[in-house]
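Subject: Structure for your files

Hello,

Here is the structure I said I would pass on. My notes on what was found in it follow below.

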Protein chains: 2
Amino acid sequence: MGPQSTEVETPRLAAAKIGSDVGLLLAKLHATGSLLNNKALADYGLRERSFSVLTLACSGLEPTQRELADFLSLDPSQVVSLVDDLEHRGLVKRAQGKQDRRAKIIVSTAEGRRIHNKARAALEVCEQTQLEGLSEDENLQLRALLKKALWG
Amino acid sequence: MGPQSTEVETPRLAAAKIGSDVGLLLAKLHATGSLLNNKALADYGLRERSFSVLTLACSGLEPTQRELADFLSLDPSQVVSLVDDLEHRGLVKRAQGKQDRRAKIIVSTAEGRRIHNKARAALEVCEQTQLEGLSEDENLQLRALLKKALWG
DNA sequence: TACGGATCATTGAAAAAGTCAACGATTGTT
DNA sequence: AACAATCGTTGACTTTTTCAATGATCCGTA
């Protein structure tokens with residue numbers, strides 16, 4: 001996204017009412033975070049989204065592509081592309097759905113889990129950096145609030 | 001973004017470790033929020049971004065386009081488009097920078113402020129809906145944490 | 001003062017991402 | 001058995017993002 005400055009920007013405009021808009025706050029934090037996350041994940045050939053898919057594939061929950069699309073707020077066709085890519089690189093596999101033969105279950109390969117562990121470590125360092133303004137407590141609090149906002 | 005279901009989805013996958021990834025939580029909340037926000041703003045011919053620009057223009061802070069780009073995490077050329085649109089509709093005006101004649105200061109018109117007030121009211125209802133899972137306290141807490149994460 | 005490098009807004013082109021309708025295969029329902 | 005609905009997939013189309021180039025202006029330095 002836009003400005004790739006690593007330096008801290010002057011928040012002269014943060015004083016505006018918009019600085020309290022949840023929507024904009026989310027957009028901004030997400031934007032700056034994505035930049036860092038994608039940079040950290042690039043070493044493993046991943047981006048935020050492919051990492052998300054890989055994580056779910058490694059979770060043991062055996063998600064279908066439809067579930068991935070719903071959960072990640074993506075169009076089903078986008079999931080096809082993401083899974084295609086990961087599958088070509090041997091990180092995940094498509095397996096036939098158990099109850100429903102239309103559905104495809106996405107599961108990780110051993111190599112996929114290996115990459116995922118490394119990428120996750122890098123990402124956690126990254127998140128630490130991004131939220132360094134928050135104390136450990138606040139960090140947990142933020143996660144809890146975001147989860148609650150999403151799923152009650 | 002992806003699925004436009006208004007119904008609450010089953011968070012079967014929220015159990016995965018990814019459900020604690022700040023990056024993904026932000027992405028998801030932002031995605032679902034954007035959908036609602038843009039729907040609410042459509043009545044006024046605005047979207048999240050043009051609303052953000054309009055808000056800053058109405059703030060009295062007299063932002064330059066460069067500042068808008070930095071603050072909103074946008075490419076400068078995207079700001080040009082957004083301001084072009086708002087200006088053609090008579091909601092903002094470009095004024096010459098005071099110290100720097102290269103810069104253009106974006107200020108709102110009376111009509112712009114009128115629209116902005118209406119849109120803001122609609123948006124607040126929208127945010128209320130989006131965060132209905134949170135108590136009033138938690139709502140404030142979330143805003144505070146997001147702000148702190150962004151600007152310390 | 002004049003030069004040189006940097007920054008501002010702007011343009012336009014190229015790449016990426018998102019949206020959407022259609023399809024075959026399969027499911028569940030009547 | 002017939003029907004509508006759902007899953008993954010494809011391809012077309014639109015929107016968004018990214019990036020390099022440009023003229024105008026600013027700033028530091030000789």
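The largest nonpolar core has 75 residues, and Leu54(A) and Leu54(B) make the most contacts inside it. A nonpolar core here is a set of buried Ala, Val, Leu, Ile, Met, Phe, Trp, Tyr and Cys residues joined through C-beta atoms within 7 Å. A residue is buried if 20 or more other C-beta atoms lie within 10 Å of its own, exposed if 12 or fewer, and partly exposed in between, with C-beta atoms placed from the backbone.

This is a predicted model, in which local features need pLDDT of at least 70 and side-chain atom pairs count only at pLDDT 80 or more, while totals for chains, interfaces and linings use all residues. Residues are numbered from 1 along each chain as its sequence is written, and chains are lettered from A and ligands numbered from 1 in the order in which they are written.

Confidence

pLDDT is the predictor's confidence in each residue, from 0 to 100. Chain A averages 89, and 93% of the residues score at least 70. Two residues are in contact if their C-beta atoms, placed from the backbone, lie within 7 Å. Helices (H or I, at least four residues) and strands (E, at least two) are DSSP runs, numbered from the N terminus.

Helix α2 of chain A

Leu54(A) is one of the buried residues of α2(A), among them also Phe51(A), Val53(A) and Leu56(A). In total, 11 of the 11 residues of α2(A) are buried, so this helix is largely enclosed by the rest of the structure. Not counting residues up to four places away in sequence, Leu54(A) touches Leu46(A), Leu86(A), Leu91(A), Val92(A), Ser108(A), Gly112(A) and His116(A). Just after α2(A), Gly60(A) takes a positive phi of about 85 degrees.

The two chains

Chain A can be laid on chain B with an RMSD of 0.1 Å by a turn of 180 degrees and a shift of 0.0 Å along the axis. That is the relation of a two-fold axis. The superposition is by least squares on the C-alpha atoms of residues with pLDDT of at least 70 in both copies.

The contact takes 57 residues from chain A and 57 residues from chain B. On the chain A side, α1 (22–41), α2 (48–58), α3 (65–72) and α6 (136–151) each supply at least two residues. The largest share, 13 residues, comes from α1(A). By class, the side of chain A that touches chain B has 29 nonpolar, 15 polar and 13 charged residues. For these classes, Ala, Val, Leu, Ile, Met, Phe, Trp, Tyr, Cys and Pro count as nonpolar, Asp, Glu, Lys and Arg as charged, and the others, Gly among them, as polar. The copies meet through the same surface, because 100% of the interface residues of chain A are also interface residues in chain B.

The DNA strands

A residue is near a strand if its C-beta atom, placed from the backbone, lies within 6 Å of it. Of the 20 residues around DNA strand C, Arg101(A), Gln65(B), Arg66(B), Pro76(B) and Ser77(B) come nearest. α4(B) gives the most to this surface, with 4 residues. The surface near DNA strand C has 5 nonpolar, 7 polar and 8 charged residues.

Around DNA strand D there are 19 residues, of which Thr64(A), Gln65(A), Arg66(A), Ser77(A) and Arg101(B) come nearest. Here α4(A) gives the most to the surface, with 4 residues. The surface near DNA strand D divides into 5 nonpolar, 6 polar and 8 charged residues.

Backbone points to check

Ser73(A) has a phi near 55 degrees, a positive value in a residue other than glycine. Ser73(A) sits in the loop between α3 and α4 of chain A and counts as buried, with 20 C-beta neighbours inside 10 Å. Glu62(B), also not a glycine, has a positive phi of about 50 degrees. Glu62(B) is found in the loop between α2 (48–58) and α3 of chain B and is partly exposed, with 14 other C-beta atoms within 10 Å.

Regards
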